[in-house]
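Hi everyone, thanks for making time this morning.

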Amino acid sequence: MFYNNLIHNNKFFSLIENYYKKDKIPHSILLYGKKGIGKQGHAIELASSLNCTNRSNYLSCGRCHSCIQLKSMQHPNIHFIIPFPRKKILSKKDQPEKALSTKDIDELIKIKKAKIIDPYSDFNLQNANTILINSIRFLKKELYNTSIEKGWKIILIFEAEKLCIPGPESANSLLKILEEPPAKTIFILVTNEYNKILKTIKSRCQNFYFNKLSFQKIRTHLDSKMINDNDLKLLNKIFDGDFNLIKKNLKKINDFNKKINKLFEYILNCNSTSQNHIYFDKLNIDKLNWFDYMKLFIIVLRDLQILKSSSTIKNLHLKKNIETYNKILKRYPNAVWSNCISSIEKTNIIIKQNVYFPLALKTLSIEIKNNLLNQTQKSFI
Ligand SMILES: [Zn+2]
């Protein structure tokens with residue numbers, strides 16, 4: 001096993017097992033699914049397994065020469081292709097690395113080291129929005145001009161959807177290689193945005209979908225001393241199962257809980273006649289923490305919607321807040337919770353479009369108040 005901290009996707013590993021059993025390994029594989037669930041980690045695990053000289057069943061040993069080479073990111077047969085920033089214009093013959101500044105190169109070394117330790121760590125450079133055509137050109141050269149060493153040549157292409165940005169040049173160039181793949185070569189493409197991958201590339205690959213991680217799997221990989229069940233459920237909900245973000249935000253859980261309490265206070269005061277209470281001013285929301293706040297707000301509103309329609313706590317996301325929820329439902333018996341959610345979603349869109357922030361906040365707070373009290377007149381304006 002290359003990683004001891006990867007939450008295994010059992011279906012993926014049985015697929016690998018099958019490859020070995022049948023001695024039939026596809027030339028190209030496309031791994032897709034949500035962000036932060038370990039697709040890149042599984043791709044690296046497969047790469048290490050294919051070249052491991054001391055493999056047990058389908059898992060690499062993590063200790064042989066090949067595994068050690070990969071651990072130092074120095075494996076001559078395992079290549080990583082990721083998006084690069086387009087800061088410099090390259091000529092046809094330029095190596096792709098020429099596009100990188102000294103800072104980018106330092107960053108690249110850092111993210112490679114991090115990836116070897118943590119399969120969920122981010123593996124991208126700042127402002128890198130495209131897989132450069134030069135990366136594919138050099139790959140071609142490397143694949144066709146160099147003699148095959150022992151083992152498999154493995155090309156890992158991360159954020160593969162960026163093969164098509166800004167145009168399909170890199171994707172088409174890769175497609176030509178995929179159509180006539182060199183012997184003993186495997187391409188493993190990974191993407192969070194399957195719909196942006198060219199159909200022609202999809203059809204050349206074995207496509208494998210990664211399911212979201214179950215809460216139970218996430219739970220077993222994080223010590224309960226680190227975070228309790230309720231708090232972990234909250235983080236899981238906020239970050240939609242992105243294990244990388246969940247881990248990164250473990251220490252912020254108190255902050256999220258404080259924000260929720262402030263939201264409760266805000267909601268409970270919405271029926272106040274004092275104008276001061278109806279706006280978001282008291283929450284100290286700024287543009288930076290807006291989306292965090294609104295994610296929490298939507299979670300709370302969905303819970304209220306569930307509780308109102310079914311009176312059962314089984315499906316609530318934040319069960320521990322049941323008392324406050326009941327208090328809110330009692331205070332706003334006619335509230336239209338779904339409209340509150342739509343108002344927030346609409347506001348999120350206009351804030352992304354850079355509308356005047358205080359105005360968006362004020363409008364939203366009026367809409368929320370109206371929906372809580374189920375009144376149509378625009379009060380306080
Ligand atoms: Zn090994």
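Let's start with helix H4, where Asp104, Leu108, Ile111, Lys115 and Ile116 are buried. By buried I mean under 20% relative accessible area, with exposed being over 50% and partly exposed in between, using a 1.4 Å probe and protein chains only.

Before I go on, a word about what you are looking at. This is a predicted model, so local features need pLDDT of at least 70 and side-chain atom pairs count only at pLDDT 80 or more, while totals for chains, interfaces and linings use all residues. Residues are numbered from 1 along each chain as its sequence is written, and side-chain values use heavy atoms, with hydrogens and water left out.

Back to H4. What do its buried residues pack against? They pack against H2 and H3, where contact means heavy atoms within 4.5 Å. On the face turned away from the buried side, H4 carries the exposed residues Thr102, Lys103, Lys110, Lys113 and Ile117.

Helices here, at least four residues of H or I, and strands, at least two of E, are DSSP runs numbered from the N terminus. H4 takes in residues 102-117, and its 16 residues should span 22 Å at 1.5 Å a residue; the end C-alpha atoms are 23 Å apart, which agrees. That expected span is 1.5 Å times one less than the number of residues. H2 passes the check too: its 13 residues should span 18 Å, and its end C-alpha atoms are 19 Å apart. In H2, 13 of the 13 residues are buried, so this helix is largely enclosed by the rest of the structure.

**The zinc site**

Now for the metal. Which residues coordinate the zinc ion? They are Cys52, Cys61, Cys64 and Cys67, each through its SG atom, at 2.3 to 2.4 Å. Donors are N, O and S atoms within 2.8 Å of the metal (3.2 Å for Na, K and Ca), and water is not among the atoms, so sites may look incomplete. Along the chain, the donors follow the spacing C-x8-C-x2-C-x2-C. The angles among the four donor atoms run from 101 to 118°, and the site is tetrahedral, a label that asks for all angles of four donors to lie between 85 and 135 degrees. Cys52 is buried at 8% relative accessible area, and Cys64 is buried at 9%.

**Salt bridges**

Last topic. A salt bridge is a side-chain nitrogen of Lys or Arg within 4 Å of a carboxyl oxygen of Asp or Glu, and by this rule the count comes to 15. One of them joins Lys98 and Asp94 at 3.4 Å, N to O; Lys98 is partly exposed at 49%, whereas Asp94 is buried at 14%.

Another pairs Asp240 with Lys212 at 2.7 Å. Asp240 lies in the loop between H9 and H10, and Lys212 in the loop between strand E5 and H8, so the pair ties together parts that are 28 residues apart in sequence. Salt bridges that share partners join Lys34, Lys212 and Asp240 into one network.

That's my tour, and I'm happy to take questions.

Definitions and conventions: Four donors count as tetrahedral if all angles lie between 85 and 135 degrees; four count as square planar and six as octahedral if opposite donors are over 155 degrees apart and all others between 65 and 115; anything else is irregular.
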